[in-house]
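Please look over the model below before reading the points that follow.

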Amino acid sequence: MVFDLADEIDKLKSSGSPYAEFLRVPNLSCGVYRLPAGAKDMQGPHDEDEVYFVVDGRGRLRVGGEDRAVERGAILYVRATSEHSFFEIEEDMTLLVFFASGGPA
């Protein structure tokens, strides 16, 4: 399978939803997540490990008690069941998300 990231982002934008999954196989799920500047990230911990790739934008990520600035090109790993959220989103953020073991909880 081949996916075009720009097409997946366009589909997400037109859906009005912040997240759209475009691949699900038994051990992996992939999707696109968008947070506009100033948004509040409402996600909770997931049962799966996940990796985010910041396609565009700038903000901060809090995992557990640790905060880190993130921007375009950053690759972020979040261990399963870890409390995490994006905050202080300065520029609209688009993230490519990979979930291990089949997708978000």
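**Notes on the pocket and cores**

1. About 190 Å³ is the volume of the largest pocket. A pocket is an open set of points on a 1 Å grid over the protein atoms alone, where a 1.4 Å probe fits, with protein on both sides within 12 Å along at least five of seven lines; the volume is the space filled by probe spheres set on the points. This is a predicted model, in which local features need pLDDT of at least 70, side-chain atom pairs count only at pLDDT 80 or more, and totals for linings use all residues. Residues are numbered from 1 along each chain, and side-chain values use heavy atoms, without hydrogens or water.

2. The lining (residues with an atom within 4 Å of a point) includes L61, R68, V70 and Y77. Strands β3 (50-63), β4 (66-71) and β5 (75-78) each give two or more residues to it; strands are DSSP runs of E, at least two residues long. The most come from β4, with six.

3. By type, the pocket lining has eight nonpolar residues, four charged and no polar.

4. The largest nonpolar core has 15 residues, of which Y52, V70, L76, F86 and L95 touch the most other members. Such a core joins buried residues (under 20% relative accessible area, 1.4 Å probe) through side-chain atoms within 4.5 Å. The largest share of this core, six residues, is from β6.

5. Beyond its neighbours within four places in sequence, Y52 has contacts (heavy atoms within 4.5 Å) that include Y33, L76, F86 and L95.

Key
Helix = DSSP H or I, 4+ residues; strand = E, 2+ residues; numbered from the N terminus. Nonpolar A, V, L, I, M, F, W, Y, C, P; charged D, E, K, R; others polar. Buried < 20%, exposed > 50% of the residue type's maximum accessible area, 1.4 Å probe, protein only.
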